[in-house]
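Please brief me on this protein model.

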Amino acid sequence: MKLKSLQIFVSLFCLFPIANSFAQSSLIALKTEYLVNPIGLDNANPRFTWQLADVSQGAKQNAYRISVNTDSLALLKGNGNWNTGIIQSSDNLITYSGQSLKPFTKYFWRVEVTTSTKKTISKIASFEMGMMNTANWQGAWISDSENIKLKPAPYFRNTFTTAKKVKSARVYIAAGGLYELSINGKKIGNHRMDPMYTRFDRRTLYVTYDVTKEIIQGKNAVGVLLGNGWYNHQSTAVWDFEKAPWRNRPTFCLDVRITYDDGTVEIIKSGKNWKTALSPIIFNSIYTAEHYDARLEKAGWNTVDFDDKDWKNVIYRSAPSRNIVAQALHPIRNVEEIATKDLKKINDTTYLFNLGRNISGVSKITLSGASGTVVRLKHGERLYTNGRLDISNIDAHYRPTDNTDPFQTDILILSGKGEQSFMPHFNYKGFQYVEVTTSSPIELKKESLVGYFMHSDVPVLGDVKSSEPIINKIYYATNNSYLSNLFGYPTDCPQREKNGWTGDAQIAIETGLYGFDGITIYEKWLADHRDEQQPNGVLPSIIPTDGWGYEWGNGPDWTSTIAIIPWNVYLFYGDKKLLSDCYENIRKYVNHIDETYPTGLTTWGLGDWIPVKSKSPVELTSTCYYYADVIILAKAAKILNKTADYEKYTALAKKIKDAFNGKYLNKATGIYASGVQTEMSVPLYWKIVPEESIALVASNLAKKVEADGFHLDVGLLGTKAILNALSENGYSDVAYKIAAQKTYPSWGWWMENGATTLYENWPIDAKSDISMNHIMFGEIGAWLYKSPGGIKPDPEKPGFKNVILAPHFVKGLDQFEAKHTGPYGEITSSWKRSGNGISYKVIVPANSTASVVLPKEQDLKVYLNGKVISNSTAQLESGSYTFDWK
């Protein structure tokens, strides 16, 4: 082929869509229990998921076949311990239903998919079962014999000898408290803060590690460092965690399971042959900070040659609970290293490091100084006018009994043995600034300190970009706050509390699920809910808890997490498991409210927490949430084929709706209660408004917002509702004016004043409730996907099997793009104004479809691939499409 002909061919190839015969398809994102090649699973019926990567238009899976085998070579030959056979289905979420899986066994699996044009076989994935049953543990629960009030953290060590060649090795470790594990002097894994926090006396988590490469033939040493975590809370605050019923000196149980080349298995286990000593961590508190005396370091304490003759014997302890289960979720990690943005030297012994952004996590300092030099690292979010660190906004609930445990202040005592680095092992904080004070002058530089953004390391699933910088900043800050409050459970703030406030989490659930792959975290947290629920259905306001929160802060506006989160996980993943697991809990909860408030109206709850100015009746907001719970319960009953329950709770929902509207709605005027923003938007959002009144109520809400200067006048509950209530009812432009507002009170006002996270209160100079890293006003992140982006799951075909695309081309924006990777692949919704026209680009992933609701633009016709569309909707197969309004 001549060069000119080749150039023409290439040009044509790039210009036209690739034909099916050229299209490449593959199977990607193979996961077991939503994790990539996990080890240490307990679920006897794990779930398999995958995606069909095929850009050709209309690409769809017609059939699948899954094969599972303990032998990967046999799997390649088509053999399997479990073979589904060819199943005519487009499903890509399948639950294992073969022979009983065995503990400690590795399985390989792959999936074969047939489309209309070809057959595609995936690469081989794997999963490995863990203990599966507490009876399979062989190690003993051990601890040191110290009192719970003793502050230093304990070391534990043991040595063992392997005489044969190691084929594979796993460590299974459960703990009351926190731990770091090491073998032959090397820390195992990159997790932080394991195991995740649970109600310790009801459920204890264990973690599995592959240590095949770390164990050598010959003598080996295993070391465990234990921290207090929430198990042995030594700091005092308003929630009384120091009085927790499970509180004790930290403890652990460990099995090292070694399989040799000859097939034999040996278990190295925790027991009386282990030794213990106190570590250089002289104090550690999950709530406040960590203190470290480098002069007490025991060099090589976790290596084989260390002399432990002066170490003490361990003691046996009872397990924290009888329910020891696998921690099958994305772990906490140091996800991002952040360099110091600027350094200010205050005097010869005081420096202020500024990371330039607010984060959850830890700092790491590297320095040298004389032995005994005390270095104090005080972490905070804001400064006094004199440039010194101010933590008065975040230590409000701390109740110290003395001055030995300063809030968010690490204390390091130098060894004098040259340069050393310190980073806390068992603590994290919320901060932007670190004020470093030394007992004698030390010269520090910007590079002396870095920060680590630390959180549950959930994969990113979404992204939003717009032509308006303030929107981009709000989206960035929202994600920062969401991640700052994800530590194996969703929290309210990473500094002042670190509590699993239910209200904050139900507000942020969609923001989290659009942006991140959080199902493993939420499944764990809803198990915490099931642990905490009282027999009568009552839940506490913070979960997990030591018992605090059953008497204050709970109610349907907060603890509706038991229904709202499983329902949203179902919508986003198309997975019924969590909804099924929590069904009886939702039913108990609803029944309790029904029994306690037989009229259908409930006054149980906190109400619209921290509003700008207007206060709405608690009965109004809580009844809306009660209604939402009952609607979810009725829908779940239908999905799970519980016909009698479906009928019962559908009738209850009608009773609540009628009672609510009978009391609060003036049908003639279309006004709820006094007509403030929360009172109007919450009923609209939760769809309790009678059909015939929706238009009038929405119009009145829009007028109220305009009268308020397009500023917010809502608290936590109103924030969840207001943007959606407007956008879903014909007033997306009004919603956008609120979202992009730059003056007080608004999200943009925070950004204009330098925020990199979301705040707890609308005034930046409020006297109380002024944490600068809260997620409770974070619904705006989800709204950006739902309104200008228009991406929504379809309840009739959940998990984005059918994508609802209903973008709003809001005035004031020239360009907007939202992307979300659902169970079938990446969904793109992107629009741009050009002159008087608009171009809208859509990508629908393979094996799914989309229903597009086409916005009406005055005097403009809609074209798809050059052809006029007269309908207001379009049903699309998978593929890429461009709509034009011109």
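Both faces of strand 30 are covered in this predicted model. On one side Thr409, Ile411 and Ile413 are buried. Strand 30 spans residues 409-413, and five of its five residues are buried, so the rest of the structure largely encloses it.

**Partners of strand 30**

- Strand 20 (residues 290-293) runs parallel to strand 30, and three bridges join the two.
- Aspartate 293 is placed opposite isoleucine 413 of strand 30.
- Strand 27 (residues 374-380) runs antiparallel to strand 30, with five bridges between them.
- Arginine 376 faces isoleucine 411 of strand 30 as its opposite residue.

**Strand 11 and its neighbours**

- Strand 11 covers residues 166-176, and nine of its 11 residues are buried, so it too is largely enclosed by the rest of the structure.
- Strand 16 (residues 251-260) pairs with strand 11 in the antiparallel sense, over 10 bridges.
- In that region, alanine 169 stands opposite isoleucine 258 of strand 16.
- Strand 14 (residues 204-210) also runs antiparallel to strand 11, joined by five bridges.
- Here alanine 174 stands opposite tyrosine 206 of strand 14.

- Six strands form an open sheet in the order 13-12-15-10-18-21, and the pairing is antiparallel.
- Strand 13 (186-187) and strand 21 (312-313) are the edges, each pairing on one side only.
- Within this sheet, strand 10 (residues 154-162) and strand 15 (residues 218-227) pair over eight bridges in the antiparallel sense.
- Threonine 161 has lysine 219 of strand 15 as its bridge partner.

**Annotated regions**

- An unreviewed UniProt entry gives residues 462-786 the annotation "domain: Alpha-L-rhamnosidase six-hairpin glycosidase".
- Over residues 462-786 the chain is 56% helix and 3% strand.
- The end C-alpha atoms of residues 462-786 are 12 Å apart.
- The unreviewed UniProt entry also carries the annotation "domain: Alpha-L-rhamnosidase C-terminal", which covers residues 790-861.
- Over residues 790-861 the chain is 0% helix and 53% strand.
- The end C-alpha atoms of residues 790-861 are 20 Å apart.

**The largest pocket**

- The largest pocket has a volume of about 1,400 Å³.
- Its lining holds 49 residues.
- Nearest the centre of the largest pocket lie Tyr685, Lys687, Ser727, Glu728 and Lys792.
- Where does the largest pocket lie relative to domain 4 and domain 5? Both domain 4 (462-787) and domain 5 (815-885) give residues to its lining, so the pocket lies between them.
- Several elements supply at least two lining residues each, including helix 4 (502-515), helix 7 (561-573) and helix 10 (618-639).
- Helix 12 (677-685), helix 14 (716-727) and helix 15 (732-739) also supply at least two residues each.
- Strand 37 (791-793) likewise supplies at least two.
- By class, the lining of the largest pocket has 27 nonpolar, eight polar and 14 charged residues.

**Cavities**

- The count comes to five cavities of 30 Å³ or more.
- The largest cavity holds about 130 Å³ of space.
- It is lined by 14 residues, and those closest to its centre are Met193, Tyr197, Trp230, Ile286 and Phe487.
- Which classes make up the lining of the largest cavity? It has 12 nonpolar and two polar residues, and no charged ones.
- The second largest cavity holds about 80 Å³ of space.
- Among the residues lining the second largest cavity are Glu180, Lys187, Arg192 and Asp194.
- The lining of the second largest cavity also includes Tyr179, Leu181, Ile188, His191 and Met193.
- Tyr209, His425 and Phe426 belong to that lining too.
- Strand 12 (residues 178-183) gives the most to the lining of the second largest cavity, with three residues.
- The lining of the second largest cavity divides into six nonpolar, two polar and four charged residues.

Technical notes
Residues are numbered from 1 along each chain as its sequence is written. This is a predicted model: local features need pLDDT of at least 70, side-chain atom pairs count only at pLDDT 80 or more; totals for chains, interfaces and linings use all residues. Side-chain values use heavy atoms; hydrogens and water are left out. UniProt positions are given in the numbering used here, feature names are shortened, and annotations may be inferred rather than shown by experiment. Helices (H or I, at least four residues) and strands (E, at least two) are DSSP runs, numbered from the N terminus. On a 1 Å grid over the protein atoms alone, a cavity is a set of points where a 1.4 Å probe fits but cannot get out, and a pocket is an open set with protein on both sides within 12 Å along at least five of seven lines; lining residues have an atom within 4 Å of a point. Grid points are joined across faces, edges and corners, and a volume is the space filled by probe spheres set on the points. Ala, Val, Leu, Ile, Met, Phe, Trp, Tyr, Cys and Pro count as nonpolar, Asp, Glu, Lys and Arg as charged, and the others, Gly among them, as polar. Domain bounds come from an automatic or database domain assignment. Buried means under 20% relative accessible area, exposed over 50%, partly exposed in between (1.4 Å probe, protein chains only). Two strands pair if DSSP finds at least two bridges between them.
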